[in-house]
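The sequence and structure are shown first.

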Amino acid sequence: MIIGKKEFRIGKRPYIMGILNVTPDSFSDGGQFYREGDISDVDKALAAVRDMLSQGADIIDVGGESTRPGHTKISVAEEIERTCFVIEAIKEHFDVPVSLDTYKSQVAQAGIMAGADMINDIWGLKYDEKMASLIAETGVACCLMHNRDNTNYYSLISDIKDDLNDSINIALDAGIAKDKIIIDPGLGFGKTYEQNVKVMHNLEKFNELGYPLLLGTSRKSLIGNMLELPVEEREEGTLATTVYGYMKGCSFFRVHNVKSNFRALKMVHGIMSSET
């Protein structure tokens, strides 16, 4: 598949999406690239992008609104202000695909005009009915994440697959090309701890849907609950889920620490692809 100007050869090697949150309140890195007055610190953000690219990032994912549990929603105008000139700066200084983490079509439109190559929608095109047609018309790629406003499932894995299929059908019906779609099982969204563990254990079943799979577990509560550790001490747990996810068939990995995840993936890929 093509994202921006870059070809991603699915199944040939793993790819890393580096997280760049320009928010004051994200659960792990809130405030790091944000200063007083809802204005992103572009110089620090660009320095972070430079570091992530040198460490092996393939995509940069820019987010302007925290989606952690209990987060405060912000206006469209605020989200555009936080993200768009950061996207413009990244595209001006680096030749890298940029993903915009948003579920609002107006923000997505502004972000695409600023240079975003992909929309990462945590509601899988189900929050904003204009999102799918916008993505289709502009030709950008999209990541469709599974999400629910509750944790009530009849059969967890089958229900999640059905929900993702609904998102895929929304995309295809709107005219989004099949080779522009990535799916994400949504670890940490609309799921209890026990359900998140079960999703991890059954990751390979989501490959049956026929689309590249993105795994986003970095520093999440799944790891914190299992290891009984705070956010700042969840790196080893993240690496374990990354390696496990790759062995289960995931292609993309959305992470905070690019260097350690790149090295872990390079190691497991080298072992798995070696001739016996």
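## Nonpolar cores

The largest nonpolar core comprises 63 residues, and those with the most contacts inside it are Leu-20, Ile-60 and Ile-90. A nonpolar core is a set of buried Ala, Val, Leu, Ile, Met, Phe, Trp, Tyr and Cys residues joined through side-chain atoms within 4.5 Å. Buried denotes under 20% relative accessible area, exposed over 50%, and partly exposed the range in between (1.4 Å probe, protein chains only). Apart from neighbours within four places in sequence, Ile-90 is in contact with Leu-20, Leu-46, Val-49, Ile-60, Val-62, Val-96 and Val-98, contact meaning heavy atoms within 4.5 Å. A second, separate core has twelve residues, including Ile-3, Tyr-15, Met-17 and Leu-214.

The model is predicted: local features need pLDDT of at least 70 and side-chain atom pairs count only at pLDDT 80 or more, while totals for chains, interfaces and linings use all residues. Residues are numbered from 1 along each chain as its sequence is written, and side-chain values use heavy atoms, with hydrogens and water left out.

## Packing of α2 and α3

Helix α2 (residues 76–93) packs against helix α3 (residues 105–114) at an angle of about 20°, with the axes 8 Å apart. Helices (H or I, at least four residues) and strands (E, at least two) are DSSP runs, numbered from the N terminus. Axes are lines fitted to C-alpha atoms, for helices over the stretch in contact, and angles run from 0 to 180 degrees between N-to-C directions. The helices α2 and α3 are therefore roughly parallel to each other; angles under 35 degrees count as roughly parallel, over 145 as roughly antiparallel, 65 to 115 as roughly perpendicular and the rest as oblique.

On the α2 side, the contact is made by Val-76, Glu-79, Ile-80, Thr-83, Cys-84, Ile-87, Glu-88 and Lys-91, and on the α3 side by Gln-106, Val-107, Ala-110, Gly-111 and Ala-114. By class, the contact of α2 with α3 has seven nonpolar, three polar and three charged residues. Here Ala, Val, Leu, Ile, Met, Phe, Trp, Tyr, Cys and Pro count as nonpolar, Asp, Glu, Lys and Arg as charged, and the others, Gly among them, as polar.

Helix α3 is mostly covered, with seven of its ten residues buried: Ser-105, Val-107, Ala-108, Ala-110, Gly-111, Ile-112 and Ala-114. These buried residues pack against α2, β7 (98–101), β8 and α4. Gly-115, which follows α3, has a positive phi near 125°.

## Packing of α5 and α6

The axes of helix α5 (residues 156–174) and helix α6 (residues 193–201) cross at roughly 75° and come within 10 Å. Accordingly, α5 and α6 are roughly perpendicular to each other. Leu-156, Ile-157 and Ile-160 of α5 meet Gln-195, Lys-198 and Val-199 of α6. By class, four nonpolar, one polar and one charged residues form the contact of α5 with α6.

## Positive phi in loops

Leu-125 has a phi near 70°, a positive value in a residue other than glycine. Leu-125 is placed in the loop between β8 (118–121) and α4 (131–138) and counts as buried at 4% relative accessibility.

Glu-228 also has a positive phi, near 55°, and is a residue other than glycine. The loop between α7 (221–227) and α8 (235–247) holds Glu-228, which is exposed, with a relative accessible area of 70%.

Thr-238 lies in helix α8 and counts as buried, at 0% relative accessibility. Not counting residues up to four places away in sequence, Thr-238 touches Thr-217, Ser-218, Arg-219, Ile-223 and Asn-261.
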